[in-house]
Amino acid sequence: MAAMEEDIYTRDGTVNIHKKPANKTKTGNWKACRFILVTECCERLAYYGMSTNLVNYLKIRLNEANASASTIVTNWSGTCYVTPLIGAFIADSFLGRYWTIASFCTIYVLGMTLLTLSASVHGLKPDCSNGQCHPTASQKGIFFAAIYLIAFGTGGIKPCVSSFGADQFDDNDEKEKKKKSSFFNWFYLSINVGALIASSVLVWIQMNVGWGWGFGVPAVAMAIAVGFFFFGSSLYRLQKPGGSPLTRIAQVLVASVRKYRVEIPSDKSLLYETSDVGSFILGSRKLEHTEKFRFLDKAAVETEDDSHKGAVNPWKLCTVTQVEEFKSIIRVLPIWATGIVFSAVYSQMNTMFILQGDTLDQHMGPNFKIPAASLSLFDTLSVIFWALVYDQLIVRIAKKYTKNERGFTQLQRMGIGLVISIFAMISAGILEVARLNYVRRNNYYDLEVIPMSIFWQVPQYFLVGCAEVFTFIGQMEFFYDQAPDAMRSLCSALSLTTNALGNYLSTLLVIVVTNVTTRNGKLGWIPDNLNEGHLDYFYWLLAVLSLINFFVYLMISKWYTYKKVVSVAT
């Protein structure tokens, strides 16, 4: 009877919305995930609806130059991927993922509302006449306040939603665990369904109807996302926050430094660990000892001075699990670092790809023009196509050869994406070479738009989308799976910071390239008139960096050791 009752409840420490043990039959699994997937779809529609064409808003309404608009967008995008560190810390330490998402949604909606007002209300929006806008300092200030409120709001959602969805599957139940890998594919698919609508319908509205409507629809989408999220509350499984992960890391560092002269026993079973079945860290499972970073094992070596009146001082003595928790974070850092160059490649879709597309013929038939930013819908279509093909076909074929239940290991999957990203930059570079040759042959240097179809950009968008399915989804799964149980939001945020650093790297490259190539009065690689520049050189630079990054990744992957769990959660 007791065994049957135990089987009804999850064994990963999750609870329901009322803080009672989560019942497997009434909570979690796909019945809860459908609300999370719809929430993510609407939230991403809102995010991409205001960000996809942001570079053109800056150029048209705020009179920014090409390089300046590109820098503003990449800096803002980078901030959107740094703020998740704040949201993740709050989620893992205090509120848990559910309440963190709920809290930050308010800030997000406020930012979206302010952005809509700044683009539609007289006095807040710039005055425009004869195709020229005249923004005031205060109008620019309101605009920047709005987009950075959105950046802060998304910081509590980005690191928590994917982990919160994965929490709906019990790691200690083999049937549910198999579904988790599939969830990440569907999660990324839902992101791109939202992005598809944003990059097609919303970008067209912004360029042809008006920026007020173009930002207003994403604001409504965000409100719908919040509604859907709360509607599924009774079905969710909530992981209890385990306390400050930074404090636990500090304790391991302090304890190991204090014992720098202590010898580590050859028998690792002598290292300190609690006698309980579960870990002392709330909602976390015990971790098996690993050999790497042995200096940190000193924190788990017991000495006479470690306890006072029977109580263990965690600043002097840490459990093996606490030490391994810190080791897990150190092990993923090199893998994390290799994602930065990939993210720099990905960021080109919102900057250089659009600026390149602005110079090409955007007509579809005699009367309809497709905005350059809308071509990112081919990236989205590529992601939707490859996510379905990967989940339904590639995994099944790969399993026959690799004998891995997931088809590829997470590291193999990410590596394949890194290779594809190199070909994406080569494709973009080849198109730019062809475009510049066309300009030279016909002396089109002064034409803003040359008679060459924008749809020649489709291959580079399609390749970036394919690379995303392998690298970004693999990255999400890897950082969730390899993160300590009580640090999953933080590790998800860590993976997102590669996007931030990728954007900042792109900004740095643009600044350095511009400064170096404009010396002695030269126009440089990326002038305002791209017909007189060499954007192809910038793409070749990214391709070479991506190739070097891939070889570094191969070396790190061979060195990496996957974490091992030895108990159920408390």
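R248 is buried, its relative accessible area being 5%, where buried denotes under 20% relative accessible area, exposed over 50%, and partly exposed the range in between (1.4 Å probe, protein chains only). The structure is a predicted model, in which local features require pLDDT of at least 70 and side-chain atom pairs pLDDT 80 or more, whereas totals for chains, interfaces and linings use all residues. Residues are numbered from 1 along each chain as its sequence is written, and side-chain values use heavy atoms, with hydrogens and water left out.

## Salt bridges

R248 forms a salt bridge with E325, with 2.8 Å between the closest N and O atoms; the term requires a side-chain nitrogen of Lys or Arg within 4 Å of a carboxyl oxygen of Asp or Glu. This pair links distant parts of the chain, since R248 belongs to helix α10 (residues 245-258) and E325 to helix α11 (residues 320-337), 77 residues apart. Helices (H or I, at least four residues) and strands (E, at least two) are DSSP runs, numbered from the N terminus. E325 is likewise buried, with a relative accessible area of 2%.

A further salt bridge joins D297 and K327, whose closest N and O atoms are 2.8 Å apart. This pair, too, links distant parts of the chain: D297 is in the loop between α10 and β3 (307-308), K327 is in helix α11, and 30 residues separate them. D297 is buried at 2% relative accessible area, and K327 is buried at 0%.

K327 also forms a salt bridge with E324. Here both partners lie in helix α11, three residues apart, about one turn of the helix. Both K327 and E324 are buried.

| Salt bridge | Closest N and O atoms |
|---|---|
| R248 and E325 | 2.8 Å |
| D297 and K327 | 2.8 Å |
| K327 and E324 | 3.1 Å |

The whole structure contains 12 salt bridges. Elsewhere, E40, E43 and R44 are linked in a network of such interactions.

## Cysteines

The structure has one disulfide, a term that stands for a pair of cysteine sulfur atoms within 2.5 Å. C128 and C133 form this bond, with their sulfur atoms 2.0 Å apart. The torsion about their S-S bond is about 100°, so the disulfide is right-handed. The two cysteines fall into separate accessibility classes: C128 is partly exposed, with a relative accessible area of 40%, whereas C133 is buried at 4% relative accessibility.

For C105, the closest cysteine sulfur is in C160, at 10 Å, which is too far for a bond. C105 counts as buried at 6% relative accessibility. C466 is also buried, with a relative accessible area of 8%.

## A buried asparagine

N185 lies in helix α8 (residues 174-208). Its relative accessibility is 3%, and N185 therefore counts as buried. Apart from its neighbours within four places in sequence, N185 is in contact with A387, Y390, D391, R413 and I473, where contact means heavy atoms within 4.5 Å.

## Nonpolar surface patch

W204, V209, W213, V217, M364 and F368 form a nonpolar patch on the surface, with about 590 Å² of accessible area together. Patches consist of residues with over 30% relative accessible area and no salt bridge; like charges are joined within 9 Å and nonpolar side chains (Val, Leu, Ile, Met, Phe, Trp, Tyr) within 5 Å. Accessible areas come from the Shrake-Rupley method with a 1.4 Å probe, and for residues only the protein chains shown count as cover. Within the patch, V217 is placed in helix α9 (residues 211-231). V217 is partly exposed, with a relative accessible area of 31%.

## The chain as a whole

The protein chain has 18 helices and eight strands. Its radius of gyration is 25 Å, close to the 25 Å that the globule rule gives for 570 residues, so the chain is as compact as a globular protein of that length. The radius of gyration is taken over C-alpha atoms, and the globule rule is 2.2 Å times the number of residues to the power 0.38. Along its principal axes the C-alpha trace spans about 85 × 50 × 50 Å.

Of the 570 residues in the protein chain, 58% are buried. Among contacts with a separation of 6 or more, 83% are between residues 24 or more positions apart. The protein chain exposes about 23400 Å², of which carbon and sulfur atoms supply 65%.
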